[in-house]
Amino acid sequence: MSLQDDLTAVRRNLNELVRSVERLERDVQDAARQAPATPRAPRQEGMVPVPDTPYDSSLWKDADDEGLGSRDRRAP
């Protein structure tokens with residue numbers, strides 16, 4: 001392929017992309033007009049308490065230490 005052929009292909013693909021984005025924008029606008037307005041659930045704000053008690057050690061059974069490798073193998 002020549003440089004001119006490559007440029008023509010790029011222009012064609014770019015034009016197709018622009019048309020696709022325009023079509024997508026129209027579809028989103030149409031969907032927004034047709035969708036019934038539904039109230040959103042109230043947002044929960046504030047702090048979430050985290051207990052100071054230790055976690056059950058069985059949660060970590062057979063877990064690898066991230067970045068350190070497996071317990072029974074050497075780290076690379």
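Reply: Below, each label is checked in turn; note that the model is predicted.

Me: What does the secondary structure of the protein come to?
Reply: It comes to 1 helix and 0 strands. Helix H1 covers residues 3-34.

Me: Why is Arg 33 called exposed?
Reply: Its relative accessibility is 60%. Exposed means over 50%, so Arg 33 counts as exposed.

Me: What makes Arg 33 and Asp 30 a salt bridge?
Reply: Their closest N and O atoms are 3.0 Å apart. The cut-off is a side-chain nitrogen of Lys or Arg within 4 Å of a carboxyl oxygen of Asp or Glu. The pair therefore qualifies as a salt bridge. By this rule the protein has 1 salt bridge.

Me: Where do Arg 33 and Asp 30 lie?
Reply: Both are in helix H1, 3 residues apart, which is about one turn of the helix.

Me: Why is Asp 30 called partly exposed?
Reply: Asp 30 has a relative accessible area of 33%. Buried needs under 20% and exposed needs over 50%. The value for Asp 30 falls in between, so the label is partly exposed.

Me: Why does Leu 14 count as partly exposed?
Reply: Leu 14 stands at 49% relative accessibility. Exposed requires over 50%, so Leu 14 counts as partly exposed. Leu 14 lies in helix H1.

Me: Which residues make the nonpolar surface patch?
Reply: Leu 14, Leu 17, Val 18 and Val 21 make it, with an area of about 330 Å².

Me: How many of the residues count as buried?
Reply: Of the 76 residues, 3% do.

Notes: Residues are numbered from 1 along each chain as its sequence is written. This is a predicted model: local features need pLDDT of at least 70, side-chain atom pairs count only at pLDDT 80 or more; totals for chains, interfaces and linings use all residues. Side-chain values use heavy atoms; hydrogens and water are left out. Helices (H or I, at least four residues) and strands (E, at least two) are DSSP runs, numbered from the N terminus. Buried means under 20% relative accessible area, exposed over 50%, partly exposed in between (1.4 Å probe, protein chains only). Patches are made of residues with over 30% relative accessible area and no salt bridge: like charges are joined within 9 Å, nonpolar side chains (Val, Leu, Ile, Met, Phe, Trp, Tyr) within 5 Å. Accessible areas come from the Shrake-Rupley method with a 1.4 Å probe; for residues, only the protein chains shown count as cover.
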